[in-house]
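Have a go at each task before reading its solution.

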Amino acid sequence: MAEVRRFTHDSRIPGWDRAADLDKEPAVVPDAATTEVPPELRAAIEDGMRRFPVGDSAFIPALYAVQEHYGWCPPEGIEQAAAVLGRTPAALSAVATFYDMFEMEQLGRKSVYVCTNISCSLCGADELLAALEGELGEDPDVNVRGFECLGACDIAPMASVNGVYVGPIGLGEVPELARQIRQGDDPLPERQLLRRPSADPKVAEK
Amino acid sequence: MTDTLLFKNIDEPGLNTIDVYMAHGGYTQLPVALKMEREDLITELSGSGLRGRGGAGFPMGKKASFIPKGDMQKYVVCNADESEPGTFKDRELIQKNPHQLIEGLLIAAFAVDATINYIYIRGEYDQQADILDAAIAEARERGIIGENIFDSGFSVQLELARGAGAYICGEETGLLDSLEGKRGNPRLKPPFPANEGLFNGPTLINNVETLSAIPSIIKLGAEGYAAIGVKDSAGTKLVSISGNVERPGNYEVALGTSSRELIYGLAGGPVDGRKIKCWFPGGSSTPVLTADDLDVGYDYDSIEAAGSMLGSGAIIVVDETQSVVELAYKLAKFYSHESCGKCTPCREGTRWTFHMVERIKEGTATPMDLDIMAAVQEQIIGHCLCVLGDAMAMPIGSLIAKFRDEFEAEIEANRNERERKLAEEFAAAEVEIEGISA
């Protein structure tokens, strides 16, 4: 299929420059009876649906379930979720492309988000991201990316390793951290946010 | 210095579990509130002078009083989508004292008679969401969330919803759309969420810190709470201080404390005795202040009088070694990435501002660009459904206004650098054009 450039600048939505296949029938709500859905995926989506009075509210929990199951949001996963939710796959992918944490392309399952927003970049986040990309960029299992403010400016520069907040990370610690990420170990245990006491001196006084 | 309210016992091991929380007097204010008349409870909240801690600073009691009475299904939604760059106070509250938030939320839910309630937490706060999930489960197990709580006849549900990485979902109507399973696009207001919010029902939306302060208000009484702080800025505030400071972190202070005391006294000021170039008083969306404004009191009205906003209470300190162009670049990049795209002035304004700052860095900008950039910011402010565009326009506009000479110097320096490189390349290529030799 021909690649169509619609704009001179790019978009952050993956696949934005791919032309639509006009010969294809428009997607309809997948038949719940014939679409095979892995049982644990179905259970996770239905658990999401139970939490809201309106089924559509479970879109985000459903996409999380798909991503958990496949490691990203593949078309077949979205189709399966659509079958359980009783909506079209397009409705789901429209939501999935809006949010930064849903991967629409297959990437490494281990996610390393490096905060590159203001506070962290004042403390050297760009260098940290470059160093981590240098160490782990080639590894197909790892998805290293710069991310918007992760809400942990007190431990800047920091990274979220599979959801575990670690910081401040010195450039000298990057090889050690990279090794731990590759081997699936606990990342820099003594630098994890959950172990950090409050900075407020009034708290420590008591 | 006043005692800590929100951060009371915050480093107590296991405070996130219900037993430790109750051992420190937790869940004692909820039954007190449940015995009150709803009208009186709202009067109490209004009387405390508590203002919304999420950014807008709207009086909390007044917001609760806007919720209509009647039999329709009402909702309370806690906004835990803390994404404002520089802000991390809610994270610490949720992580270390989730039950305080749940108690405050249940009191608010009773005040407006909301029986279905949600906490919307940003997806990146995975560990915090797990802690909150466990806390909600504990409270449900003890009958604190459920049918007929504390024999008051009030039944309540509370669910946790996770976002998936979108700054705009911190905007209240964007958050509601996200909760309904849509793209997080802000809605046209009015109708305000108090009349037509989640699933078209009346909805009270409050920040984590606002709701966490409610148990203290019931305990101290409206007058007791209002006595803390200064006029029109009652109570204590968590201030997240980050950037180029010695001791970044969350500090609980009475509103009205001087900014110098916060930045130098508590956070230790910039490292190596450097000077402060500028600071954001309320997250990256607020106009910057300079070292001259350090003696301003840290409360809603004083910061506003100084030309900025208290916002979410996040101070980002930038020292003299940092480049303002780099700062503007990061800001514009962030907001153009996070613009949802619904309103044209914001979508295009943030994108083109980003490209113009990029030009400065590449060395292809002209001094005239600064005027165009400043004009673009004016075209954004007030022209969109929500304030995301304004949130870029205000700090960038203030950076250009206050540091114009630095922008101009950098434009000049980068252009010279680029021309020098081009000349070098030209020489290296050994191109010979008739009549001109390199």
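**Exercise 1. In what order do the four strands of the open sheet with parallel pairing in chain B lie?**

Step 1. The order is β3-β2-β1-β4 in chain B, and the pairing is parallel. Strands here are DSSP runs of E with at least two residues, helices are runs of H or I with at least four, and both are numbered from the N terminus. Two strands pair if DSSP finds at least two bridges between them.

Step 2. Look at the ends of that order: β3 (157-162) and β4 (203-207) of chain B each have a single partner strand, so one side of each has no neighbour in the sheet.

Step 3. From one strand to the next, the twist averages 20°. Axes are lines fitted to C-alpha atoms, for helices over the stretch in contact, and angles run from 0 to 180 degrees between N-to-C directions.

Step 4. Six bridges link β1 (residues 75-80) and β2 (residues 116-121) of chain B in the parallel sense. Within β2(B), Ile119(B) is the bridge partner of Cys78(B).

A note on the model before going on: it is predicted, so local features need pLDDT of at least 70 and side-chain atom pairs count only at pLDDT 80 or more, while totals for chains, interfaces and linings use all residues. Residues are numbered from 1 along each chain as its sequence is written, and chains are lettered from A and ligands numbered from 1 in the order in which they are written.

**Exercise 2. Describe how α5(B) packs with α7(B).**

Step 1. Two packed helices are described by the angle between their axes and the distance between the axes. For helix α5 (residues 89-96) and helix α7 (residues 126-141) of chain B, the angle is about 40° and the axes are 8 Å apart.

Step 2. The pair is therefore oblique; angles under 35 degrees count as roughly parallel, over 145 as roughly antiparallel, 65 to 115 as roughly perpendicular and the rest as oblique.

Step 3. The crossing of α5(B) past α7(B) is left-handed, meaning that the near helix is turned anticlockwise from the far one by less than a right angle (right-handed if clockwise).

Step 4. Arg91(B), Ile94(B) and Gln95(B) of α5(B) make the contact with Gln128(B), Ile131(B) and Leu132(B) of α7(B). Residues are in contact if their C-beta atoms, placed from the backbone, lie within 7 Å.

Step 5. Sorted by class, this contact has three nonpolar, two polar and one charged residues. Ala, Val, Leu, Ile, Met, Phe, Trp, Tyr, Cys and Pro count as nonpolar, Asp, Glu, Lys and Arg as charged, and the others, Gly among them, as polar.

**Exercise 3. Which are the edge strands of the five-strand sheet in chain B?**

Step 1. This open sheet has the order β8-β7-β11-β9-β10, with mixed pairing.

Step 2. Its edge strands are β8 (249-254) and β10 (289-290) of chain B, each pairing on one side only.

Step 3. Strand β7 (residues 236-243) of chain B runs antiparallel to β8(B), joined by six bridges. Tyr251(B) in β8(B) is the bridge partner of Val239(B).

**Exercise 4. How are the domains of chain B assigned?**

Step 1. The assignment, which is automatic or from a database, gives domain 1 (18-227), domain 2 (230-319) and domain 3 (324-418).

Step 2. Between domain 2 and domain 3 of chain B, the C-alpha centres lie 24 Å apart. Each of these two domains gives eight residues to the contact.

Step 3. On the domain 2 side there are four nonpolar, four polar and no charged residues.

**Exercise 5. How many residues of chain A are in contact with chain B, and which element supplies the largest share?**

Step 1. The contact joins 40 residues of chain A to 49 residues of chain B.

Step 2. Elements of chain A that each supply at least two residues include α2 (59-70), α4 (89-96) and β4 (164-166). The largest share, four residues, comes from α5(A).

Step 3. By class, the chain A side has 24 nonpolar, eight polar and eight charged residues.
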